[in-house]
Amino acid sequence: MSHYFDHAATSPMREAAREAWLRHAGHRNAGGQYASGRAARGALEGAREEIAELLGAEPVEVVFTGSGTEADNIAVLGLYRASPLNRAVGSAVEHPAVREALAHLGSREGAEVEWLPVDAGGHVRDLSALGRPAALVACMYANNETGALQPVERVVAAARAAGTPVHIDAVQALGRCAVDFRALGA
(Lines give C-alpha, C1' and ligand atoms only; values in the text may rest on other atoms or scores of the structure.)
Protein backbone atom coordinates (compact mmCIF):
# COMPACT_ATOMS: atom_id res chain seq x y z
CA MET A 1 0.00 0.00 0.00
CA SER A 2 1.33 3.46 -0.86
CA HIS A 3 0.29 6.83 0.47
CA TYR A 4 0.53 10.19 -1.24
CA PHE A 5 1.24 13.00 1.21
CA ASP A 6 2.07 16.00 -1.02
CA HIS A 7 -1.48 17.23 -1.50
CA ALA A 8 -0.37 20.84 -1.19
CA ALA A 9 1.35 20.57 -4.58
CA THR A 10 -0.90 18.20 -6.51
CA SER A 11 -4.26 17.29 -5.06
CA PRO A 12 -7.10 15.40 -6.65
CA MET A 13 -9.52 17.92 -8.13
CA ARG A 14 -12.43 18.71 -5.83
CA GLU A 15 -15.80 17.75 -7.21
CA ALA A 16 -17.00 21.38 -7.19
CA ALA A 17 -13.93 22.43 -9.20
CA ARG A 18 -14.40 19.55 -11.61
CA GLU A 19 -18.05 20.50 -12.14
CA ALA A 20 -17.12 24.16 -12.73
CA TRP A 21 -14.44 23.11 -15.20
CA LEU A 22 -16.87 20.87 -17.07
CA ARG A 23 -19.49 23.63 -17.11
CA HIS A 24 -17.06 26.04 -18.82
CA ALA A 25 -14.89 23.62 -20.83
CA GLY A 26 -16.81 24.27 -24.04
CA HIS A 27 -16.18 28.02 -24.00
CA ARG A 28 -13.73 29.44 -26.47
CA ASN A 29 -11.37 32.40 -26.48
CA ALA A 30 -12.29 34.80 -23.66
CA GLY A 31 -11.16 37.65 -25.90
CA GLY A 32 -13.54 36.67 -28.69
CA GLN A 33 -16.62 38.76 -29.50
CA TYR A 34 -18.77 35.73 -30.34
CA ALA A 35 -21.23 34.27 -27.81
CA SER A 36 -18.92 31.53 -26.54
CA GLY A 37 -16.09 34.05 -26.11
CA ARG A 38 -18.34 36.42 -24.17
CA ALA A 39 -19.45 33.52 -21.96
CA ALA A 40 -15.81 32.59 -21.34
CA ARG A 41 -14.98 36.23 -20.47
CA GLY A 42 -17.92 36.32 -18.03
CA ALA A 43 -16.76 33.12 -16.31
CA LEU A 44 -13.17 34.38 -16.15
CA GLU A 45 -14.12 37.77 -14.70
CA GLY A 46 -16.51 36.14 -12.23
CA ALA A 47 -13.69 33.88 -11.02
CA ARG A 48 -11.32 36.87 -10.79
CA GLU A 49 -13.82 38.78 -8.61
CA GLU A 50 -14.45 35.78 -6.35
CA ILE A 51 -10.74 35.12 -5.85
CA ALA A 52 -10.05 38.80 -5.15
CA GLU A 53 -12.75 38.88 -2.50
CA LEU A 54 -11.42 35.72 -0.84
CA LEU A 55 -7.83 37.05 -0.75
CA GLY A 56 -8.43 40.65 0.25
CA ALA A 57 -7.45 42.06 -3.13
CA GLU A 58 -8.98 44.08 -5.93
CA PRO A 59 -10.02 42.14 -9.07
CA VAL A 60 -7.47 44.06 -11.14
CA GLU A 61 -4.75 42.66 -8.83
CA VAL A 62 -5.65 39.05 -9.68
CA VAL A 63 -3.55 37.83 -12.59
CA PHE A 64 -4.07 34.30 -13.86
CA THR A 65 -0.91 32.40 -14.79
CA GLY A 66 -0.16 28.87 -15.89
CA SER A 67 1.53 27.98 -12.59
CA GLY A 68 2.83 29.25 -9.29
CA THR A 69 6.33 29.22 -10.78
CA GLU A 70 5.27 31.57 -13.55
CA ALA A 71 3.58 33.87 -11.03
CA ASP A 72 6.68 33.91 -8.78
CA ASN A 73 8.94 34.70 -11.75
CA ILE A 74 6.72 37.57 -12.93
CA ALA A 75 6.61 39.04 -9.41
CA VAL A 76 10.29 38.69 -8.51
CA LEU A 77 11.73 39.74 -11.86
CA GLY A 78 9.13 42.48 -12.33
CA LEU A 79 9.66 44.06 -8.91
CA TYR A 80 13.44 43.96 -9.33
CA ARG A 81 13.45 45.39 -12.85
CA ALA A 82 11.02 48.16 -11.89
CA SER A 83 13.30 49.36 -9.09
CA PRO A 84 16.38 51.56 -9.33
CA LEU A 85 17.91 49.49 -6.50
CA ASN A 86 20.04 46.43 -7.19
CA ARG A 87 19.50 44.63 -3.88
CA ALA A 88 17.05 41.74 -3.45
CA VAL A 89 16.30 39.74 -0.31
CA GLY A 90 14.69 36.32 0.07
CA SER A 91 14.31 33.78 2.83
CA ALA A 92 16.79 30.91 2.82
CA VAL A 93 13.93 28.41 2.39
CA GLU A 94 12.17 29.91 -0.61
CA HIS A 95 10.50 27.68 -3.17
CA PRO A 96 12.85 26.94 -6.09
CA ALA A 97 10.73 29.23 -8.32
CA VAL A 98 11.68 32.22 -6.16
CA ARG A 99 15.15 31.03 -5.19
CA GLU A 100 16.13 30.47 -8.83
CA ALA A 101 14.68 33.82 -9.94
CA LEU A 102 16.72 35.57 -7.25
CA ALA A 103 19.83 33.57 -8.18
CA HIS A 104 19.30 34.60 -11.81
CA LEU A 105 19.15 38.24 -10.76
CA GLY A 106 22.42 37.80 -8.88
CA SER A 107 24.32 35.95 -11.57
CA ARG A 108 22.90 37.56 -14.73
CA GLU A 109 21.62 40.99 -13.75
CA GLY A 110 24.10 42.13 -11.12
CA ALA A 111 21.75 42.03 -8.16
CA GLU A 112 23.12 41.91 -4.66
CA VAL A 113 21.08 39.00 -3.28
CA GLU A 114 20.81 38.44 0.46
CA TRP A 115 19.16 35.50 2.19
CA LEU A 116 17.25 35.77 5.46
CA PRO A 117 18.50 32.97 7.71
CA VAL A 118 16.10 30.47 9.27
CA ASP A 119 16.17 28.58 12.55
CA ALA A 120 16.19 24.78 12.97
CA GLY A 121 12.42 24.71 12.41
CA GLY A 122 12.75 26.53 9.09
CA HIS A 123 11.34 29.84 10.35
CA VAL A 124 12.72 33.27 9.50
CA ARG A 125 13.71 34.96 12.75
CA ASP A 126 16.46 37.50 11.94
CA LEU A 127 14.97 40.43 10.03
CA SER A 128 18.00 42.73 10.33
CA ALA A 129 18.64 42.56 6.56
CA LEU A 130 15.29 44.28 6.03
CA GLY A 131 16.47 47.47 7.75
CA ARG A 132 17.75 49.01 4.52
CA PRO A 133 15.95 49.50 1.20
CA ALA A 134 15.92 46.82 -1.47
CA ALA A 135 14.23 46.32 -4.82
CA LEU A 136 12.18 43.57 -3.20
CA VAL A 137 11.85 41.11 -0.37
CA ALA A 138 10.49 37.64 -1.09
CA CYS A 139 9.13 35.44 1.68
CA MET A 140 6.89 32.41 1.27
CA TYR A 141 3.86 32.20 3.54
CA ALA A 142 3.94 28.42 4.09
CA ASN A 143 6.84 26.17 3.18
CA ASN A 144 5.98 23.71 0.42
CA GLU A 145 7.99 20.87 2.03
CA THR A 146 7.72 21.37 5.78
CA GLY A 147 4.54 23.42 6.14
CA ALA A 148 6.38 25.93 8.36
CA LEU A 149 4.49 29.23 8.43
CA GLN A 150 6.70 32.28 8.08
CA PRO A 151 6.16 35.48 10.12
CA VAL A 152 4.96 37.30 7.01
CA GLU A 153 3.32 40.09 9.01
CA ARG A 154 6.67 40.93 10.63
CA VAL A 155 8.52 40.62 7.32
CA VAL A 156 6.08 42.96 5.58
CA ALA A 157 6.20 45.49 8.42
CA ALA A 158 10.02 45.55 8.47
CA ALA A 159 10.27 45.81 4.70
CA ARG A 160 7.64 48.54 4.45
CA ALA A 161 9.48 50.56 7.10
CA ALA A 162 12.48 50.53 4.73
CA GLY A 163 10.32 51.34 1.69
CA THR A 164 10.74 47.89 0.16
CA PRO A 165 7.95 46.04 -1.69
CA VAL A 166 7.28 42.46 -0.61
CA HIS A 167 6.38 39.39 -2.66
CA ILE A 168 4.59 36.72 -0.63
CA ASP A 169 4.32 33.29 -2.27
CA ALA A 170 1.11 32.09 -0.62
CA VAL A 171 0.38 29.12 -2.92
CA GLN A 172 0.84 26.54 -0.17
CA ALA A 173 -1.02 28.63 2.42
CA LEU A 174 -4.25 28.94 0.46
CA GLY A 175 -6.97 26.81 1.93
CA ARG A 176 -4.94 26.13 5.06
CA CYS A 177 -4.85 29.54 6.73
CA ALA A 178 -6.43 32.92 6.16
CA VAL A 179 -4.71 34.95 3.46
CA ASP A 180 -5.66 38.63 3.26
CA PHE A 181 -3.22 40.61 1.16
CA ARG A 182 -4.89 43.95 1.90
CA ALA A 183 -4.57 43.42 5.66
CA LEU A 184 -1.04 42.07 5.24
CA GLY A 185 0.09 45.02 3.15
CA ALA A 186 1.82 42.86 0.55
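## Leu 174 and its loop

Leu 174 counts as partly exposed, at 37% relative accessibility. The model is predicted. Leu 174 sits in the loop that runs between β4 (166-169) and α6 (181-184). Setting aside residues up to four places away in sequence, Leu 174 touches Leu 55 and Val 179.

Val 60 gives a sense of spacing. Leu 174 and Val 60 are 114 residues apart in sequence, and their C-alpha atoms are 19 Å apart in space.

## A salt bridge within helix α2

The count of salt bridges comes to ten. One of them joins Arg 48 to Glu 45, with 3.0 Å between the closest N and O atoms. Both residues belong to helix α2 (residues 35-55). They are three residues apart, so about one helical turn separates them.

Glu 45 counts as partly exposed, at 25%.

## Phe 64 against the helix

Phe 64 lies in the loop between α2 and α3 (68-81). Its relative accessible area is 39%, so Phe 64 is partly exposed.

Which residues does Phe 64 contact, leaving aside its neighbours within four places in sequence? They are Leu 44, Ala 47, Arg 48 and Ile 51. Phe 64 and Arg 48 are 16 residues apart in sequence, with 8.3 Å from C-alpha to C-alpha.

Arg 87 is found in strand β1. Arg 87 is buried, with a relative accessible area of 3%. Its side chain meets that of Glu 112 in a salt bridge of 4.0 Å, N to O. Glu 112 is partly exposed, at 34% relative accessible area.

Arg 132 forms a salt bridge with Glu 114, where the closest N and O atoms are 2.8 Å apart. Arg 132 lies in the loop between β2 and β3 (136-140) and Glu 114 in strand β2, so this pair ties together parts that are 18 residues apart in sequence. Arg 132 is partly exposed, with a relative accessible area of 43%. Arg 87, Glu 112, Glu 114 and Arg 132 are linked in a network of salt bridges.

## Other contacts of Arg 87

The side chain of Arg 87 also makes a polar contact with the side chain of Glu 114, at 2.6 Å. A backbone atom takes part as well. The backbone oxygen of Ala 129 lies 2.4 Å from a polar atom of the Arg 87 side chain.

Leaving aside neighbours within four places in sequence, Arg 87 is in contact with Tyr 80, Glu 112, Glu 114, Ala 129, Arg 132, Pro 133, Ala 134, Ala 135 and Leu 136.

## Nonpolar cores

In soluble globular proteins, nonpolar side chains tend to be buried together. Here the largest nonpolar core has 23 residues. Which members touch the most others? They are Leu 130, Val 137, Tyr 141, Ile 168, Ala 170, Val 179 and Phe 181. Two or more residues of this core come from each of β3, α5 (152-161), β4 and α6. Helix α5 gives the most, with four residues. Val 179, named above as a contact of Leu 174, is one of the core members.

Val 137 shows the packing residue by residue. Beyond residues up to four places away in sequence, Val 137 touches Val 89, Leu 130, Val 155, Ala 159, Thr 164, Pro 165, Val 166 and His 167. Another core, of twelve residues, lies apart from the largest one; among its members are Ala 88, Leu 105, Leu 136 and Ala 138. Leu 136 is also a contact of Arg 87.

Met 13, Trp 21 and Leu 22 make a nonpolar surface patch of about 360 Å². Leu 22 has its place in helix α1 (residues 15-24). At 45% relative accessibility, Leu 22 counts as partly exposed.

Definitions and conventions: Residues are numbered from 1 along each chain as its sequence is written. This is a predicted model: local features need pLDDT of at least 70, side-chain atom pairs count only at pLDDT 80 or more; totals for chains, interfaces and linings use all residues. Side-chain values use heavy atoms; hydrogens and water are left out. Buried means under 20% relative accessible area, exposed over 50%, partly exposed in between (1.4 Å probe, protein chains only). Contact means heavy atoms within 4.5 Å. A nonpolar core is a set of buried Ala, Val, Leu, Ile, Met, Phe, Trp, Tyr and Cys residues joined through side-chain atoms within 4.5 Å. Patches are made of residues with over 30% relative accessible area and no salt bridge: like charges are joined within 9 Å, nonpolar side chains (Val, Leu, Ile, Met, Phe, Trp, Tyr) within 5 Å. Accessible areas come from the Shrake-Rupley method with a 1.4 Å probe; for residues, only the protein chains shown count as cover. A polar contact is a pair of N or O atoms within 3.5 Å; within protein, one must be able to donate a hydrogen and the other to accept it, and residues adjacent in sequence count only if both atoms are side-chain atoms.
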